[in-house]
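Here is my note for you to read beside the structure. Take the points in order.

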Amino acid sequence: MAGYIPSTSDERQLMLEELGMKDYKDLYVDVPASVLLDELPGVAKGISEMEAETAMRAMAEMNVLYPTVLRGAGIYDHYIPSIVDTVAGKEEFVTAYTPYQAEISQGVLQSIFEYQTMICELTGMDASNASVYDGASAAAEGSMMCLKRNRNVVYVADNANPETIETIKTYAYGRDVKVEMLSSKKGVIDVNVLEDALCDEAACLFVQQPNFYGLIEDIEAIADKVHNKGAKLIVGCYPTALGMLESPGALGADIATGDGQPLGIPMGYGGPTVGFMATKKAMVRQLPGRIVGQTTDSRGGRAFVLTLQAREQHIRREKASSNICSNQALCALRAGVYMAVMGKKGLSEAAELSYDKAHYLAKRLCEIPGIKMVYDGPYFNEFMTTLPVDAAQIEKALHKVGILSGLPVDGGMLWCVTEKATKEALDLTVQTVRGAVSK
Amino acid sequence: MKLIFERSTPGHCSDYLPKSDVEKAPRPEKFLRKAKWMLPEVAEVEAARHYKELADQTFGVVSGFYPLGSCTMKYNPRLNERVASFPGFTNIHPLQPKDTVKGCQAVIDLADEMLCAVTGMDKITIQPAAGAHGEFLGLLLMKAYFDHHGQTQRTKMLVPDAAHGTNPASAVMVGFDVVNIPSNANGCVDVEALKNALGDDTAGLMLTNPNTLGLFDPQILEITSLVHEAGGLCYYDGANLNAIMGQVRPGDMGFDVIHLNLHKTFSTPHGGGGPGSGAVGCKDILKPYLPSSFLGKDERPEHSVGQVRSFYGNFGVVVRALTYMLTLGAEGMREASQTAVLNANYLMHLLKDVFPVAYDHICMHEFVLTLADIKKETGISALDVAKGLLDFGMHPPTMYFPLIVPEALMLEPTETESRQSLIDAAEKYKLVKEKIYSAPDELRNAPLTTYIGRPDEVKAARNPILRYEE
């Protein structure tokens, strides 16, 4: 037996004979002989499971694991309760396909329905889809949802994560849609000039909460101005922050998007994570992707199904609202389990710990000569400081003590603190930075 | 069963986080959460039992035969899961300094090398998160290529009528006009229709070969050269690569760009709908347009289209796919595809006399049955048969696809089924067939043994309930 095939070569030979064939070549008679291979060049011989594990482990061990991570910028090192791994490791969830056959997929369907509900509660929205790829593609899909014939300009706040901005631009390039950047002032959106900054063809504005620099935006005021111009407001949110900050839905946003990675998904070198998308009732039928709905079955009981499929590619083909088919279901399941077991209490704790620890670190770092806050507005758990020395120097010094520094950015360093950083680690950070600066 | 919200009791919770060890900072009062909201309040044991019950109501590859056509539901090796959970892969921040992520880079480089060898492409990017995402990126590369070469008049994307629904949907997202190309009587591309459609405005052709009928198009070399002669590019939809992995390379067939579904051909699990990975491969001519991560500071190709998501892609899925490729090696990959094709032909042979085959010809990894005549005769539809199969503990085939076959059932057994399991499955199909005549009402009411009966989908769409409300 080779690979994962549950039959011997003798058995397979028998099957060929039963089909009236001599060998495998008879199966490939339609492939032009000039391109049919006798062997596959450029790929090594197969190895045993044990050897493969060793080879992969060797690669994993070439990476550096940091006990303390003070870097965010889109991926966050939050604590993951062990039950999240247990549930997401259940073989039925792991190996199932998209739940097309509702009668034998109630488990997956119900878990998505619960996820949708929790995302709605978290964001203050009416409806959520079953997930998209990540926060950046969710922002891009959200922007495309707002396009109309006479409203075809997408505005993006320039203080959003550059990865998100780039992704929106790329999606817009595909559809030949114009993207305009909205300039921020002192790190945040200047509400006073917002209305004048949007043109009459504005379809939407995308803002990030908290923004790339960790600063809290005044979503309520922004929503007012955007709506005055007849455009939609999309808020890309950091879900942990919503354990503390008012939801975008309650503040008037039309669409909430974000990356669910902080909700129980490991950093994983950036993926897989999960993109969430939620909106108000009025725009439900513009949502891309799978949506699970509740109905009844032939026996009169409650049942869950994929619904509103008339939006989707397998029905509508070129008229679909998006091409999305596979999503990130297992990661959405992780986010659902995380929110269920943490509850409001746990999520608020994660938010408040992150907030307090970030403010502690900021305060202590700013005691060091030459380090000060770049912006003075309220922030959540990310903040940008100036540096009196080269960022690489700080990065290297912290690396030596097992700490991944903030992200070097133009004008300083973007720090991030979660509940996982202990006071001890933060004090060590300050001490190490102080040492590196005074050298 | 109860929803997690219906298991909620005020005050039930677990303590996952420690008390704060730093001083409380002043709060930004104006921005704090004040509107009412709710999440479940459950103790961990209540959650554990809840999700156990949900898992019990979920059918996975480990639960039984899963011949869902076009989805390649092969066994997902457990080793891949173990490897993907190594802390050296899971606990790595994507923006760590480059010299601290050499292992991640090694995974990506080796996957690139091996996938290029399998596909005959020159470069792979793992950024797209799923097959459709890969299509989107692949077509963006084509658009950027034509823009850069001053051929913006090339706006037509040719798509066969047998194509996956994602193909035309992706083409529209890239601003192309979709031109449908009909199939000929053999289920392959109608070459005359293709010739008529080709011209100065052709951007390219999207093709999956073998196609969604499970047929390998023998005219493939003629097709790709016709498109090239017209100045277009050829896109290979790799959803069906499992049939030809290691046997013939899309690059040799004349394709310029391709997406792979690592969650199909390369055995990574489907997770109830994802995450997958839609790695895109291209020939040298399209390399200047590949995406990169802006913050990741990867070298950005000169005319890059930008990026289609954050960072580098579904890295954890690539780890699994690479583990699989290392385990199988060249011979194992060939053996996998040969066996997938053998199993499909064997099952088709067993079922031929039970239900009519839409195109009676040697198939590749899948084949399509048509129940059109049976429906006309008895009123029993493909849906009824599929639901009847549920009562035999099997996952039904893909239903009503491809669209060009009426009352279609599409079966893809994959290589990870034994001869005996195919024989057993065929026996159950026969029993369902008999019921069409002996107990048609039983089929109309099927399934009878599952957790729920047939759901009312019309009601779900007409009166959408998309979330729980207290």
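How many residues does the contact take from chain A and from chain B?

1. **The contact of the chains.** The contact takes 165 residues from chain A and 168 residues from chain B. Two residues count as in contact if their C-beta atoms, placed from the backbone, lie within 7 Å. On the side of chain A that touches chain B, H11(A) gives the most, with 22 residues. By class, that side has 85 nonpolar, 44 polar and 36 charged residues. Ala, Val, Leu, Ile, Met, Phe, Trp, Tyr, Cys and Pro count as nonpolar; Asp, Glu, Lys and Arg as charged; the others, Gly among them, as polar.

2. **What you are looking at.** This is a predicted model: local features need pLDDT of at least 70, side-chain atom pairs count only at pLDDT 80 or more, and totals for chains, interfaces and linings use all residues. Residues are numbered from 1 along each chain as its sequence is written, while chains are lettered from A and ligands numbered from 1 in the order in which they are written.

3. **Chain B as a whole.** Chain B has 15 helices and 10 strands. Helices (H or I, at least four residues) and strands (E, at least two) are DSSP runs, numbered from the N terminus. The radius of gyration of chain B is 25 Å, close to the 23 Å that the globule rule gives for 470 residues, so chain B is as compact as a globular protein of that length. The radius is taken over C-alpha atoms, and the rule is 2.2 Å times the number of residues to the power 0.38. Along the principal axes, the C-alpha atoms of chain B fill a box of roughly 75 × 65 × 45 Å.

4. **Two domains in chain A.** Chain A is divided into domain 1 (68-78 + 344-438) and domain 2 (82-338). These bounds come from an automatic or database domain assignment. Taken over C-alpha atoms, the domain centres are 28 Å apart. The contact takes 23 residues from domain 1 of chain A and 19 residues from domain 2 of chain A. On the domain 1 side, the largest share, 7 residues, comes from H11(A). By class, that side has 14 nonpolar, 6 polar and 3 charged residues.

5. **H5 against H11.** In chain A, helix H5 (residues 106-123) and helix H11 (residues 329-365) pack at an angle of about 60°, with their axes 9 Å apart. That makes H5(A) oblique to H11(A). Angles under 35 degrees count as roughly parallel, over 145 as roughly antiparallel, 65 to 115 as roughly perpendicular and the rest as oblique. Axes are lines fitted to C-alpha atoms, for helices over the stretch in contact, and angles run from 0 to 180 degrees between N-to-C directions.
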